[in-house]
Structure formats: C-alpha cells, structure tokens
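Here are some notes for a colleague who will be working from the coordinates. Please read them with the model open beside you.

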Amino acid sequence: MAHPKTARIVRGTARQLAALAAALRRGEIVGVPTETVYGLAANALDAVACRKIFRAKGRPTTDPLIVHLPSAHDLAGVAVPNAAAYRLAAAFWPGPLTIVLPKRAVVPDIVSAGLPSVAVRVPAHPLFRRLLRLAEVPLAAPSANPFGYVSPTAAEHVRAGLGQKVRVILDGGPCAVGLESTIVDLRDPAKPRLLRPGAVTRAQLERVLGVKVGAPPRRPSARTAQLAPGMLTRHYSPRTPVVLHARLTPTLVRRGATDEAWLFLMKPRGLAAKTVHGLAPRGDLRGAARRLFGVLRTLDTAGYKRIHAELVPGDGLAAAINDRLRRAAAR
C-alpha cells in the first residue's frame, strides 16, 4: 500500500495505541514521542522493519539504533548486563540514559551497525511506554528526522521532515528534555566512557558508578561502524550555516548584518533587534535544552544567511547543549 501524501498525527487513544502496536508488530514504522526527541520506531527484533528506518531517514547503516524497552527487567533479553548497568538503571530508568552493552544474538546486525554491542534504554514518556507494553516487542527508534538534520521535538517537526515516509505519528506533546539521551559505554564496567552528553550528566554517572567516566573516543569516520548514535562530527545541523562564539558582545551584534541571526542562552537587555534570540527567557539550562532544536528549526526557515550562537557557560547540561551546537556548526 502506498504511503499517503502526508502522515496522520494521532493523539493516542486506547484504540489508536492498539492499532499502532499492531502495525509495529507487522513490521511498519511509526513516529513516536519520547521525553528526549521524537523517534521513528520499528520492531527492534525485525531486521526488515528496521531497514525501513534507515531508508526513511537516509541514514547510513554504520550508525546504530537505540533499542527501547518497557523496563529494566527486559534488559537481559537483548543485552548482556552487568552490575554497573543495573545500578545505572535503578538510578536513571525510566529516563534519558542509554547504556551500551554486549548484545544478544536476537538483536539483528542492522540495529548494531554489525557490531557485537547494543545501545539500550527505558524511556520515560508515558505514551511511548504504553505503546511499548502494547507492542510486546522492543522498539528501535532513532530521531524521526532526515539524517543529520535538527532533531524533532514536536509531532509537526516529524511531519515536516518525514511526512511522506511514515504513515502515522503519535502526538505526545512537546518533548520534556529536548536533547537526545546521554549514552554511556558499559561494555567494560571498570572503564565506563561517556559517548554522548545529555540530561544525565557525567557527574551523576560517576556518583552512581563510583568510578571516573572517561571521555568518548576520537570522533570516528562516517564510513566505519559507530559504537553508538550521535557520535559523528557533524550532526543535528540546520541547513543555514552556524557560527559558534565563546562570547557574543553587543558591539559585535550591532555591527552584524541584518540577514544574520544571533542566538544567546538568554536574550541580553538592550538588544531589541528581531534578529536577536534567546533559548530561555530566564537563562535556565533545562528550558534552553528543551527549546534548542525548535529554535534552530525556526531560525533555519527564517531566511537568515548565517546563525551566530554563543556557547553556554558551565558543565553538566551546558556541556550537552554545547555538544549539539558544535555538531550543528561543524563542516
């Protein structure tokens, strides 16, 4: 059956959820809400269904998928867990943390980029959790956008990017976190590594694990299999070029061209130009993270020649925001 010209957005009634669960079991793909960003879901144990995700997104098969589970009790069905993984699960699941572990044979190679590992998490979004339980299969769900573009944090973002590639999008409202999950490599629990920063910070991971969490490996080539998603140098990128600044001064902004946008954590007083934008009116990092991708999408469609962005001072969630900005600006 051919796809409709544009995807339907549904609200998630009991009847709709049951229909979506059945569609996923049949091997179809569905746009789904999570607390991080919207995902494009398929049965994680069905290689043919997962290949549809890669085709719809234009995603290279060297970039693996995250497998979403209803609960930590399901972890041993797809991965080989260790005590450290269960400690993190107890502390942060359901939530925006992904753990990389050795995989079980039941997980198809298309999900893991052919590697013997798998990235797994238990999401917190209540609607997605209901769908997971009804589907009765783990769901692979990368961000529901064309590969490399700004991640979607609303159902309409999914329809704008993949509306002709997916039949149905489950609307769960705006994403509460707004950034993709933190990813930690726990294949060797004695030497954990932070592969992607997110709302769960390195300091939080270290407190639970009781050991230092190492830095990610050197940025890999796009042509080789990735250990986890979101590790490429360029990612989460608007089509409009992004220029990063350690600090944006009012003088620099005033001298800027009228076809350039200026993006701050908090819009400075005294800069009233329509080209000046802030991520969070009060400068709170959670609000900034929640709005980052939406603001980048808005600026990308506003006709600007360039987007100037000021890096956010600090660590923790600030590091995650800056990670996304750096990848958006990479060339």
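Predicted model: local features only at pLDDT ≥ 70, side-chain atom pairs only at ≥ 80, totals over all residues.

1. T153 is a buried residue, at 6% relative accessibility, where buried stands for under 20% relative accessible area, exposed for over 50% and partly exposed for anything in between, with a 1.4 Å probe and protein chains only. T153 sits in the loop between β7 (139–140) and α5 (155–162); helices (H or I, at least four residues) and strands (E, at least two) are DSSP runs, numbered from the N terminus. Once neighbours within four places in sequence are set aside, the contacts of T153 (heavy atoms within 4.5 Å) are T36, V37, Y38, G173, P174, C175, G178, F293 and G294.

2. Residues are numbered from 1 along each chain as its sequence is written, and side-chain values use heavy atoms, with hydrogens and water left out.

3. How many salt bridges does a search of the whole structure find? The search returns 13, a salt bridge being a side-chain nitrogen of Lys or Arg within 4 Å of a carboxyl oxygen of Asp or Glu. One of them joins the side chains of D185 and R187, with an N to O distance of 2.9 Å; here D185 is buried at 4% relative accessibility, whereas R187 is partly exposed at 40%.

4. The pair R239 and D300 also forms a salt bridge, at 3.8 Å from N to O. R239 belongs to the loop between α6 (202–209) and β11 (242–245) and D300 to helix α8 (residues 285–300), so this pair links parts of the chain that are 61 residues apart in sequence.

5. R327 and D323 meet through their side chains in a salt bridge of 3.0 Å, N to O. Both residues lie in helix α9 (residues 317–329), and because they are 4 residues apart there, about one helical turn separates them. R327 is buried at 3% relative accessibility, and D323 is likewise buried, at 8%. Through shared partners, salt bridges join E180, D323, R324 and R327 into one network.

6. Which residues have the most contacts inside the largest nonpolar core? They are L88, L97, I99 and L205, in a core of 47 residues, the term denoting a set of buried Ala, Val, Leu, Ile, Met, Phe, Trp, Tyr and Cys residues joined through side-chain atoms within 4.5 Å. At least two residues of this core come from each of β3 (39–43), α2 (47–57), α3 (83–92), β5 (97–102), β6 (117–121), α5 and α6. Another core lies apart from it and has 29 residues, among them V37, L179, A261 and V312. Returning to L205, and leaving aside neighbours within four places in sequence, its contacts are L88, F92, L97, T182, V184, L194, V200 and V213.

7. The peptide bond from W93 to P94 is cis, with omega near -5 degrees, and P94 lies in the loop between α3 and β5. E136, which is not a glycine, has a positive phi of about 60 degrees; this residue is in the loop between α4 (126–135) and β7 and is exposed, with a relative accessible area of 66%. Y236 has a phi near 55 degrees, again positive in a residue other than glycine, and it is found in the loop between α6 and β11, where Y236 is buried at 2% relative accessibility.

8. On cysteines, the structure holds 0 disulfides, with a disulfide taken as a pair of cysteine sulfur atoms within 2.5 Å. C50 is buried at 0% relative accessibility, and C175 is buried as well, at 3%; C175 is also one of the contacts of T153.
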